[in-house]
Amino acid sequence: AGEYQVALELVDAYARRFPIKNSPFKVNVAVSTLRHRELDPTVSEAVMNEEGEAEITLNLAPKDSAHPHPEGVEKHTPVYKAKISLDGEEVDAKIRVNEDDTYTITFIPTTTGHYKLTVDLVEDESHHPLKGSPFPRHVTVPERIDPSTIVDPAKTLVEGEGIHKAAVGVPATFIVKPCNAEGNAISPFEGKVAVSITDEDGDVEVEVTPSPEGVTVSYTPTSDTDHVIKVQIESQDVASSPYRPSVHAPLSPGKCFADGPGLEEAEVGENAVFSVFGRNALNKLHPLPDEASVTVEIQPEVSASKALQEDGSVSVQYSPKTRGDHQVSVEVNGTPVRGSPFAVVVTANKLDASRSTLEGGIIDAENVAEGEPVEAEAGKDAWFGIVARNALGEPLPHRKLPKDLA
């Protein structure tokens, strides 16, 4: 390599020499061109970087030298030109020199496919292809992910009554709304939402269902102990997780019951009484809200009075008017209590003094009006009979009169 002089002359038939105008000519032979012929390039496979560019590393190490950069050329000055094409269509490419004297060629692939890499040494506007050029390389373009579709657990919303309170035996729900870093909801969401709920007895069954708003979560508490709800997306807790809803056992009408003698037997004209008691979903006593929550129907028709007691029960009182079989139906909030309707036998066996009568002897119903004095003859026995009667005015045969009869 170096500067050469080239003298050109014209020689005629008489061996006379005539220098060509401007001869001799100066010719510089660059070392890069010479070294270029000695290169044994290696080309890496195409790798996608985080910016969505494909990168190919070019190593121009010469056969007998560890220093690939052409002598006499300032380092980091690209002297090679790279061209990328796919199916004949050229793609913009850039080439840079690395600290280790390798070259990195970058381009943005338009699609997955087989690309051709052509690398030329550029010398005085002349292009000298590298040995082995063009180099075929397959590029797989990954699917581009829209940042707005990437969920951010910290911005994800969890809404609904089910994360605040719930009732034993009653399904509770809440909605998980996956959101991106901007706090915007992602819909539809195709990722996985993990939800676990525990109480003091262990795991609570959970149902997770995709919905237009996100994911709907449903669970039914089986105890009124402390509950813990954990919600995760991509193995990360969402905002405010875990949640601790307040769980109570509400009144369960179907578990309520009634008790008392008035549900078994009754007496005509006498007050029959019984009480209605509330129970919750856990079958524990639960106060009734008021007497209006209790409905009592008696057949044959008899009116009944109700009163709320201090212990939360409701006392019921009724007075049958006829003897025979009666049916007492008891409901709490429209639901029959256990054992309802009740069969009650109503009798008329008790003495009703107000219905009992005096008859015979000096008492002659035909001649003596009620409340008027009767007449008796002095010195002669005077008698009358007492007929014991029940509340229906019916005589009570073989009935012993009370000792305190006056």
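**Reading salt bridges in a predicted model**

Lys177 is buried, at 17% relative accessible area. Buried means under 20%, exposed over 50%, and partly exposed in between (1.4 Å probe, protein chains only).

Me: What kind of model is this, and how are residues numbered?

Reply: It is a predicted model, where local features need pLDDT of at least 70, side-chain atom pairs count only at pLDDT 80 or more, and totals for chains, interfaces and linings use all residues. Residues are numbered from 1 along each chain as its sequence is written, and side-chain values use heavy atoms, with hydrogens and water left out.

Me: What is a salt bridge?

Reply: A side-chain nitrogen of Lys or Arg lies within 4 Å of a carboxyl oxygen of Asp or Glu.

Me: How many salt bridges does the whole structure hold?

Reply: The search finds five.

Me: Which residue does Lys177 meet in a salt bridge at 2.9 Å?

Reply: Glu159, N to O. The pair links distant parts of the chain, 18 residues apart. Glu159 sits in strand S15 (residues 157–159) and Lys177 in strand S17 (residues 172–177). Strands are DSSP runs (E, at least two residues), numbered from the N terminus. Glu159 is partly exposed, at 36%. Shared partners also join Glu159, Lys177 and Glu213 into one network of salt bridges.

Me: Which residue pairs with Arg17?

Reply: Glu9, with 2.9 Å from N to O. Arg17 is exposed, at 58%. Glu9 is partly exposed, at 41%.

Me: What is the distance between Arg16 and Asp12?

Reply: Their closest N and O atoms are 2.6 Å apart, in a salt bridge. Arg16 is partly exposed, at 46%. Asp12 is partly exposed, at 22%.

Notes. Helix = DSSP H or I, 4+ residues; strand = E, 2+ residues; numbered from the N terminus.
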